[in-house]
Structures are given as structure tokens and as C-alpha cells.
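Please read these notes with the model open beside you. They are arranged as numbered points, and each point can be checked on its own.

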Amino acid sequence: MFGRQAPELTYCDVTPKSVYFDRRKFLRGMGLAGVAAVGGKSLLDLISPSITGHATTKLTDLVKSQFTTDEKQTPYNDVTHYNNFYEFGTAKGDPAKNAQNFRTSPWTVSVEGEVNKPRKFSMEEILKLAPLEERIYRHRCVEAWSIVVPWIGFSFNVLAKLVEPAPKAQFVAFESYYDPKQMPESRGTGLDYPYVEGLRLDEALHPLALLCVGMYGETLPNQDGAPVRMVLPWKYGFKSIKSLVKIRFTQKQPPTTWNRSASNEYGFYSNVNPNVDHPRWSQAKERRLGEIFRRNTLMFNGYADQVASLYNGMDLRKYY
Amino acid sequence: MPTILASKWAKVVLFLFCLVPFASLVWRALHANLGANPVEFVQHSTGDWTLRFLVFTLSITPLRRLLSIPEMIRFRRMLGLFAFFYVCLHFLTYIGPDQSFNLGGMWKDVQKRRYITVGFTAFVLLIPLAFTSTAGWIRRLGGRRWQLLHRAIYVSAVCGVIHYYWLVKSDVRKPLFYGAIVTVLLAWRLGDWFLRRRREPSASAASRRVPASVS
């Protein structure tokens, strides 16, 4: 939370009280301040995990969003203890275990490529770009399970407007943070890192595309992609890149991690589509966490009214 | 060691041990401790244990020979039947929560999805083996024919590993681990068969008299 250069900053602005009185955060702030003072990185490793660990902070003054489902939310504990974040291991419980000490502060997101105003955003700046909205989205994994999550953030197009995409920009490439030292479990998972994702420019600028900084009224926990990620509710979960550090506006369609790993199974678009099966399993149904039997999967994960027009005239079997 | 293995209590103890994974699932279910996706938890756990019990069953013959503990043969049937027990539970999680007990849908799935096809094959192959696992059936079929039938477990184990390999997304370490073990266990049999043939040309005749020693 506390940037090394500016230890007095950040979420204090959002929730002065909770940060001020949060014992663990205070201790961690002390720890990092100590490191800054000594100037030695190795000291960080000496500090106990409970002090360096990224704990979440309350986010307040959230604006209600029109893009919200009234479906029952998945319990916080399920969303934080059952998910994929292959950099921290491939079992569903691995991210919760192995991401505990992931260092997410200081954090900057670099925006470059075909834009008039390339620049870097600090996490503190990102949090102030727009009023934070709570959006309760359905989230459908390509593995045929689904959750309902109250994400916090704002449309990605807010950030895009600030950098002014050039006429040449046709696509947006996203890149996750990768540090094999902090993510030793990433080895042997069968994917190339850093994790990269991409969208067509019009997809990225669609208001549903969320630049996400929190969930359940708090900042993102490490295992769910702290401190900032994308959330694209009409696409399979793996399109919603986590722990975002680089955004590049490009002329050509950028490579994407799962597509590189198995192009016949994971397309560039990867829109939720019950009519186009994964080559190895059906996508017609899904298991909502907390339910026993499978329910029908909806076209574009139920967001067809909003996004179907993006794909007018496209053969969705070909562009899966 | 052999005297302990030969005692009647050895089987009772082993039986209880084999029930531990099942008991653990029941315990977790009663305490709502099956994680965020209980169906998947049970499915993965019973699948894992099926493969493990297949491996245990296939280990008996090499181990009793390599360690010279012939008494171990007493446990093979129980281990094999537990593999069948866990694969039945595994299948129940598929036909129930996954397919909503729709047999038509299941059959379509079996035909269409190769990892289901191969997994279903592994399951079906174990059914006659479980059914004919009694002493009565060994007598009825005759040692040699019974043994031939029960070699289906080799195919079942290989199919089980392929089933696992084909269903994971990109992390193939665990399926490859099981694959390596099953390969070693089957390669040992092949090597053993070759050596015996070379050592004594009449080995096939001998095996007719003592079926259990060749399996």
C-alpha cells in the first residue's frame, strides 16, 4: 500500500479510518519504511510474511453501476480460494496459498504503443482517474464453472481516453507482472510468462470492459490479481488478465497466452458461447459455485444485449 | 514380516486403510469442508484414488517377486476391488451432478469427447473384473482364462492415465507422474515375461499350473 517513495500516500485518501486503525497495515507500513530507510531489498525477506503480506483495504464511496446483476453473489471465501492464477500454481487453492507475499506496492502500469500520450500510471493515480463503481458481474471460466462477483473499478475506456489512441491503434495488448522469484510455482505449469492478453480496440473501449482495482468493497487480494486487473464479463475468465503492468495499443492483433499454448482450444476472442464447444469439453452448461447440478450457459455470458453488436457478421465458430 | 502379512488381521487393517479416503470425503462433506466446488472436489479425489488403487494393485506382483514376499498376493483382490469402488464413486459424480442422470446425454458425451470415451472404457473394463473376482469365478473360468480376462486391468490403467492427461489444460505433471508409474509396472511385466521365456522355454506350460505367479 505504502509506496516506498511516498509512504504517506494511497488508500488513506479513500478510507482514512480503516487504514489508520488497521494494525497489520500499520506494521507493514513500518516494515517497508524501514526497508526504504536501510535501502536494502534483502531486508524485506527477513520481515515475517504477516507483515509483508498484501492485506486488503476497504474502498468506500462506491458508485452504483447500471451494469450490475442482481444474482446471488458468490461468497468471498470461494472467490479467493478457488481460482486460476497459474503464476502461483495450477491447483485452484494454489493462488491463495502462494500469492500471500506477492509485493504489489509500489506498482505502475505503463501505457505505450499507438497512442498520442504514452505514460505511466502509478496505482495511486489509477485509483483517482474516475469514481470507483461497484459492478456485480457474472464470471464464466472456460473450465465450465462460474461465479458472481462484485468487482470495483471503472470502464477501461476512461484510461484509454487519457492516452489518446492514435488512428493506427486497432488492438490493445495487456501484460501481467512476472517475477519468477516471487512466483516459483509458475515453473512447469505449461504456459509462457509473462501472461499476455489482448482485445480488439472496440472491445476494450466497450463500457463493460472493467479496469478493476477491487472486489467485495475492498482492494483486490493478491490471488485475484492485485492490485489492478481487467474484467471482461462476456469472455471466458482467462481473458481477464490479472496483476496488470503493461498496456500496449497496437496495429496488429497481439499474441495471447492460452492461444499460444493451444490455438485450437483457445481463440483470440474467447467469448462465452454455449454453442461452440471447447474441443475437449462442452461449453453448453456450467456449474455455478455453490450449486450441485449444472445450469445453462448464456450467450456472451448473458451480456448479449450489450456486446453482441461488436461481433455482427462474424462467424463465431471460426472466431472462437 | 511375512507372518504379519499372513495373519487374518492384516486384511482387516488394510481394508480399513483403504476406506480412509472415502471416510475423509464423508467427514469433509458432513463438515461442509469440500471447498468452493464440492462436486469437483469429490470427482477429482475419487479419480485420483482410482488411479492410485490401480497402481497399488499392479504393484503387488512385482513387489512380491522382487521382495520375495509371496504372501502379498492375499491383498491384490482387495486393492483391485477398492479401485473399482472409487471408480464407481467417480462415475456417480459424472452421471449425477455433471449429466443430471440423463443417460442419453451421457452416451452422447461418451461418444463425442475422447477423454470421456477413454475414461468410460477404463471404467467399463473394470466391471467384469470386479464381478469375477471371487474364488468361485476363478474356478468356473479356469485359472488361465481368468488370468487372461484380468489382464484387462493393464488396459484400464493405461486408459485411466490417458483420461487424466487429456482432461488437464496445460499442467501435465500429475498425469505424467501416474503415466510413468504405470509404464514402469507394465514394463517390468514385459521384461519379466521375456526373461522367463529365455530362461526356460517351457515357462508357458509352468504358468498353466501356477497361474498366480505370472500375473
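What share of the contacts in chain A with a separation of 6 or more comes from residues 24 or more positions apart?

1. The share is 70%, for residues 24 or more positions apart among the contacts in chain A with a separation of 6 or more. Two residues are in contact if their C-beta atoms, placed from the backbone, lie within 7 Å.

2. This is a predicted model, in which local features need pLDDT of at least 70 and side-chain atom pairs count only at pLDDT 80 or more, while totals for chains, interfaces and linings use all residues. Residues are numbered from 1 along each chain as its sequence is written, and chains are lettered from A and ligands numbered from 1 in the order in which they are written.

3. Chain A holds 11 helices and 13 strands. Both are DSSP runs numbered from the N terminus: helices are H or I with at least four residues, strands are E with at least two. Chain A has 320 residues, and 43% of them count as buried. A residue is buried if 20 or more other C-beta atoms lie within 10 Å of its own, exposed if 12 or fewer, and partly exposed in between, with C-beta atoms placed from the backbone.

4. The largest nonpolar core has 60 residues. Such a core is a set of buried Ala, Val, Leu, Ile, Met, Phe, Trp, Tyr and Cys residues joined through C-beta atoms within 7 Å. A:Leu210, A:Cys212 and A:Met230 have the most contacts inside this core. Strand β5 (residues 145-155) of chain A gives the most to the core, with 6 residues. Leaving out residues up to four places away in sequence, A:Cys212 touches A:Trp151, A:Ile152, A:Gly153, A:Val228, A:Arg229, A:Met230 and A:Val231. A second, separate core has 27 residues, including B:Leu79, B:Val87, B:Phe123 and B:Val161.

5. Some backbone geometry in chain A deserves a check. Most residues other than glycine have a negative phi, and most peptide bonds are trans. The bond joining A:Ser105 and A:Pro106 is cis, with omega about 0°. A:Pro106 lies in the loop between α6 (94-98) and β2 (108-113) of chain A. Another cis bond runs from A:Tyr193 to A:Pro194, with omega near 5°, and A:Pro194 is in the loop between β6 (171-176) and β7 (196-200) of chain A.

6. Phi is positive at A:Asp61, near 55°, and at A:Phe300, near 50°. Is each of these residues buried or exposed? A:Asp61 is exposed because it has 8 other C-beta atoms within 10 Å. A:Phe300 counts as buried because it has 23 C-beta neighbours inside 10 Å.

7. A:Asp61 sits in the loop between α4 (49-52) and β1 (63-64) of chain A. A:Phe300 sits in the loop between β13 (295-296) and α11 (304-307) of chain A. Not counting residues up to four places away in sequence, A:Phe300 touches A:Trp234, A:Asn271, A:Val272, A:Val307 and A:Ala308. A:Pro233 is 67 residues from A:Phe300 along the chain, yet their C-alpha atoms are separated by 8.1 Å.

8. In chain B, the axes of helix α9 (residues 152-167) and helix α10 (residues 173-199) come within 9 Å and cross at roughly 160°. Axes are lines fitted to C-alpha atoms, for helices over the stretch in contact, and angles run from 0 to 180 degrees between N-to-C directions. This angle makes α9(B) roughly antiparallel to α10(B); angles under 35 degrees count as roughly parallel, over 145 as roughly antiparallel, 65 to 115 as roughly perpendicular and the rest as oblique. The residues of this contact divide into 10 nonpolar, 1 polar and no charged. Ala, Val, Leu, Ile, Met, Phe, Trp, Tyr, Cys and Pro count as nonpolar, Asp, Glu, Lys and Arg as charged, and the others, Gly among them, as polar.

9. Helix α5 (residues 103-112) and helix α6 (residues 114-131) of chain B pack at about 105°, with their axes 5 Å apart. That makes α5(B) roughly perpendicular to α6(B). B:Asp109, B:Val110 and B:Gln111 of α5(B) meet B:Ile116, B:Thr117 and B:Phe120 of α6(B).

10. Between the chains, 17 residues of chain A are in contact with 15 residues of chain B. The chain A side has 7 nonpolar, 6 polar and 4 charged residues.
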